[in-house]
Structures are given as structure tokens and as C-alpha cells.
Amino acid sequence: MRIISLFSGAGGLDLGFIQAGHQVVWANDRYHDACATYLRNIGHAMHEGDIHDVDTATLPPAEKVIGGFPCQDFSIANMKRHVADARNKLYLEMLRIVAGVKPLFVLGENVKGITSLAKGQVFEGILGDFHALGYRVQYRVLDAANYGVPQHRERVFIVGVREDVDYRYVYPHPTYAAFPGFGQQPWRCVDDVLMGLPDPDGAHEDPNHRYSRFKFKDNGYLGHRPVDGSKPAPCVTGRGDNKGGVVVLPHPHAKRCMTGRELALIQGFPMQYVFEDSLSSVYRQIANAVPVGLAQSMGASFPLETKGIKSREDNADTRLCAHKE
């Protein structure tokens with residue numbers, strides 16, 4: 001199925017859907033470095049610019065609209081959240097584009113904290129807005145570690161199915177677990193993906209394999225908590241600014257920050273996926289991405305084509321297409 005991707009960043013969500021067999025026909029972000037990374041690795045679908053300037057009449061037909069709308073003020077880690085903050089309203093731009101494209105399916109991704117903002121009122125409003133556009137809406141919080149990602153990263157996924165589509169979306173069943181059941185595998189650990197990487201201080205040709213000189217202090221605060229290599233990593237973060245003051249996870253076996261490449265592997269990006277620009281920008285691009293393995297699992301739970309999807313009104317075999325009406 002064809003996908004329009006919003007707030008695409010460096011491409012973690014899109015790459016997972018592409019790996020699951022879908023096609024991204026149009027993508028958008030305004031962060032220049034992330035757009036450069038996307039163009040280098042995924043291709044020409046990226047259109048850099050402010051989402052407010054997107055004219056829905058110019059967008060290609062698509063069966064899905066997906067996007068992780070910005071989450072700075074939805075995060076439970078942000079103690080200065082304000083319901084009226086403009087960044088909390090960017091999802092309205094996603095609504096506008098969904099209303100213009102009328103895809104069969106909609107997927108929105110965000111931090112778990114969005115569900116409790118203003119005692120749940122904000123999240124209820126978001127779900128209600130998608131429902132008002134004509135979509136049956138459901139949501140679930142998923143931990144990336146349960147889908148083959150060596151990292152505990154809980155994210156809420158909102159899925160909407162257009163009201164006239166006779167299709168029930170089923171969230172992917174966890175394929176990894178701390179105590180595996182039938183058909184499951186043990187959680188992947190940090191050491192699984194870092195094994196074999198060269199010393200970043202030595203000679204190597206691995207892209208993005210360098211690290212911040214930010215000093216690690218074992219005091220329990222963000223960026224200062226030890227990482228156990230035998231377990232999934234805590235949530236990857238990339239806080240800081242373009243001047244290099246970035247707070248990231250420490251290496252489990254060395255007294256240094258993890259390199260960009262190490263964090264990218266923990267997020268599920270392949271070795272050949274190259275991130276553009278400064279180290280601090282690379283860290284933030286990686287930290288803001290949806291883990292690729294989790295995205296692939298979500299993508300694999302959607303149909304790959306419209307054939308066989310019927311209208312709820314007449315239950316006909318006619319294919320439902322998302323051409324603009």
C-alpha cells in the first residue's frame with residue numbers, strides 16, 4: 001500500500017513499513033539534518049518544509065497516512081507541560097491532511113505520557129478528532145523490546161480504519177519476552193548488537209561511530225545510569241543542543257557515551273544507514289526515531305494491498321482506493 005508519512009524525521013517508522021512491504025510515496029519534515037538523512041537512505045519521497053504549508057490537493061493518492069507527531073510536551077519526562085502549547089496542536093495538521101487525503105488507514109505514534117496529559121483529556125480529544133473524521137479508532141502501548149529491539153521503549157500507537165472499510169486491525173503479537181512463551185524468543189540485549197564493533201578510538205570505517213566527550217557520572221540521573229549489556233537498554237535519549245552538550249546512554253563496558261552507530265543499532269537501524277551532519281544532530285535524529293523493528297511489526301499487521309478489503313455498506317468485492325474525493 002502507498003503511504004504518506006508526516007513528521008518523518010530520519011526515517012525509522014518509514015523504514016520499518018518499507019521492510020514490511022509498503023511503499024512511501026510522500027514524506028515530510030522540517031528538520032533539515034533529518035531530511036538529509038532520509039534522502040540519503042530512503043530516497044526522494046522526502047519533502048522538506050513546514051507541515052502548515054502542505055497543500056493536500058498536491059499530495060499523491062495513498063492508502064495510509066502515518067506519523068509520529070512531535071512529543072516534547074507530551075512526554076512524562078517534561079515537567080513543564082502545558083495543554084495549550086502550540087506543539088501539542090501539531091496533530092491538528094495531521095488531521096487536516098488525513099481529511100484531505102481520506103486514506104483507508106491512519107497511524108499515529110507518540111510517547112506513552114500523552115495518554116495521561118491533563119488527566120487524559122488531551123488524548124481523549126485526539127481520539128475523538130480522528131473519530132469525527134470518519135475513522136474507527138483504537139490504541140495500544142507497545143514496548144519495543146517485545147518486538148526484537150534491544151531497548152525498552154514504550155510508545156502508544158493509534159490506529160484508525162475508515163468507517164466504510166470492512167477491516168479489523170489487529171496489533172502485532174509480541175514475538176520476544178523476558179520469559180518466552182510458545183513461539184517467542186528471549187529479549188535481545190545490548191551486547192547482542194554491539195558485539196564485533198571496533199573501538200571507536202581506533203582505526204575504523206564504520207559510519208557515525210564516534211561519541212560525545214560528555215563525562216559519565218554514576219549518579220542515577222538521565223545519561224548517568226549504568227547500562228547492563230545483558231539486558232535491553234533503557235530508552236535511547238539524545239537531549240542537548242547543537243553545541244555538543246548531548247546526554248546519551250553510556251556504554252555498558254566502557255567509561256564513555258555510546259557512539260551514534262551504537263545507538264543506531266539499538267534503535268534497529270542497519271549498519272549501512274548513514275546519519276547526516278554533526279554528532280549532536282545525529283544523536284537527536286536517532287533518539288527521535290521509532291525503533292525500526294517495532295515499526296516493521298506494526299507495518300506487517302496492515303494488509304499490503306486493497307484487494308479483498310470490502311466496503312461495510314454493501315460488502316462488495318470492489319477495491320477501495322484512496323484517490324482524493
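Accessible areas here come from the Shrake-Rupley method with a 1.4 Å probe, and for residues only the protein chains shown count as cover. On that basis the protein has an accessible surface of about 15,100 Å², 51% of which belongs to carbon and sulfur atoms. The model is a predicted one, so local features need pLDDT of at least 70 and side-chain atom pairs count only at pLDDT 80 or more, while totals for chains, interfaces and linings use all residues. Residues are numbered from 1 along each chain as its sequence is written, and side-chain values use heavy atoms, with hydrogens and water left out.

Let's start with the whole chain. Of its 325 residues, 52% count as buried, where buried means under 20% relative accessible area, exposed over 50% and partly exposed in between (1.4 Å probe, protein chains only). There are eight helices and 11 strands; these are DSSP runs numbered from the N terminus, with helices being H or I of at least four residues and strands E of at least two. Contact means heavy atoms within 4.5 Å, and among contacts with a separation of 6 or more, 68% are between residues 24 or more positions apart.

Strand 1 (residues 2-6) has four of its five residues buried, so the rest of the structure largely encloses it. Two strands pair if DSSP finds at least two bridges between them. Strand 1 pairs in the parallel sense with strand 2 (residues 23-29) over four bridges, and I4 has W26 as its bridge partner there. Strand 4 (residues 64-67) also runs parallel to strand 1, joined by four bridges, with K64 standing opposite I3.

Between strands 1 and 2 comes helix 1 (residues 12-19), and the three make a right-handed β-α-β unit. Right-handed means that, with the strands pointing away from the viewer, the path from the first strand over the helix to the second runs clockwise. Helix 1 is largely enclosed by the rest of the structure, because six of its eight residues are buried: G12, L13, D14, L15, G16 and F17. Their cover includes strand 1, strand 2, helix 2, strand 4, strand 5 and helix 8. Just after helix 1, G21 takes a positive phi of about 110°.

Helix 3 (residues 91-101) is mostly covered too, with eight of 11 residues buried. Strand 1, strand 4, strand 5 (105-111), helix 4 (121-132) and strand 6 (135-143) are among the elements covering those buried residues. K102 follows helix 3 with a positive phi near 55°.

Next, the interior. A nonpolar core is a set of buried Ala, Val, Leu, Ile, Met, Phe, Trp, Tyr and Cys residues joined through side-chain atoms within 4.5 Å. The largest has 30 residues, and F17, L107, F157 and M298 have the most contacts inside it. Helix 1, strand 2, helix 2 (32-41), strand 5, strand 7 (154-162) and helix 8 (292-300) each supply at least two of its residues. Beyond its neighbours within four places in sequence, M298 touches several residues, including F17, L107, F157, Y169 and Y171.

Finally, the rings. Rings of Phe, Tyr and Trp (its six-membered ring) pair if their centres lie within 6.5 Å; planes under 30 degrees apart count as stacked, over 60 as edge-to-face and the rest as tilted. This rule gives 10 aromatic pairs. Y169 and Y171 are edge-to-face, at 5.1 Å centre to centre and 85° between the planes, and both are buried. F269 and Y273 form a tilted pair, because their centres are 4.8 Å apart and their planes lie at 45°. Ring pairs also link F17, F105, Y167, Y169, Y171 and F302 into a cluster.
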